[in-house]
Amino acid sequence: MFLQVLENYSDAPMTPKQILQVIEAEGLKEMSGTSPLACLNAMLHSNSRGGEGLFYKLPGRISLFTLKVRFGFSVLILKL
């Protein structure tokens, strides 16, 4: 679901809070538990490390993420 949000809104990097707001507004996932934002934030951070990560965290920014798109051996970062 978070991949879908970053694919559909790839015109600009997004914060975890913005991603969660889109997920809720578009009904992509039912929210339960006490801290869905903390879970999303942890998932984004853990999947933005190393070359195999799905996301790219913008350097020098606290929490701005975008989706990595792979073409062969190169990686294109969307809309930096």
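Let's start in a loop: serine 63 sits between strand 1 (55–57) and strand 2 (65–71), where helices (H or I, at least four residues) and strands (E, at least two) are DSSP runs numbered from the N terminus. This is a predicted model, in which local features need pLDDT of at least 70 and side-chain atom pairs count only at pLDDT 80 or more, while totals for chains, interfaces and linings use all residues. Residues are numbered from 1 along each chain as its sequence is written, and side-chain values use heavy atoms, with hydrogens and water left out.

Serine 63 counts as partly exposed because its relative accessibility is 22%; buried means under 20% relative accessible area, exposed over 50%, and partly exposed in between (1.4 Å probe, protein chains only). Leaving out residues up to four places away in sequence, serine 63 touches Met14, Thr15, Pro16, Asn41 and His45, with contact meaning heavy atoms within 4.5 Å. Serine 63 and lysine 17 are 46 residues apart along the chain, and their C-alpha atoms are separated by 9.3 Å.

## Proline 16

One of the residues touched by serine 63 is Pro16, which belongs to helix 2. Proline 16 is buried, at a relative accessible area of 7%. Besides Ser63, its contacts beyond four places in sequence include Leu37, Leu40, Asn41, Leu44 and Phe65. From proline 16 to leucine 37 is 21 residues in sequence, and 6.9 Å in space from C-alpha to C-alpha.

## How helix 2 meets helix 3

Helix 2 (residues 16–25) packs against helix 3 (residues 36–46) at an angle of about 120 degrees, and their axes are 9 Å apart. Here axes are lines fitted to C-alpha atoms, for helices over the stretch in contact, and angles run from 0 to 180 degrees between N-to-C directions. Helix 2 is therefore oblique to helix 3: angles under 35 degrees count as roughly parallel, over 145 as roughly antiparallel, 65 to 115 as roughly perpendicular, and the rest as oblique.

On the helix 2 side, the contact is made by Pro16, Lys17, Ile19 and Leu20; helix 3 brings Pro36, Leu37, Leu40, Asn41 and Leu44.

## The chain as a whole

Zooming out, the protein chain has 3 helices and 3 strands, in the order α-α-α-β-β-β along the sequence. Of its 80 residues, 26% count as buried. Among contacts between residues at least 6 apart in sequence, 33% join residues at least 24 apart.
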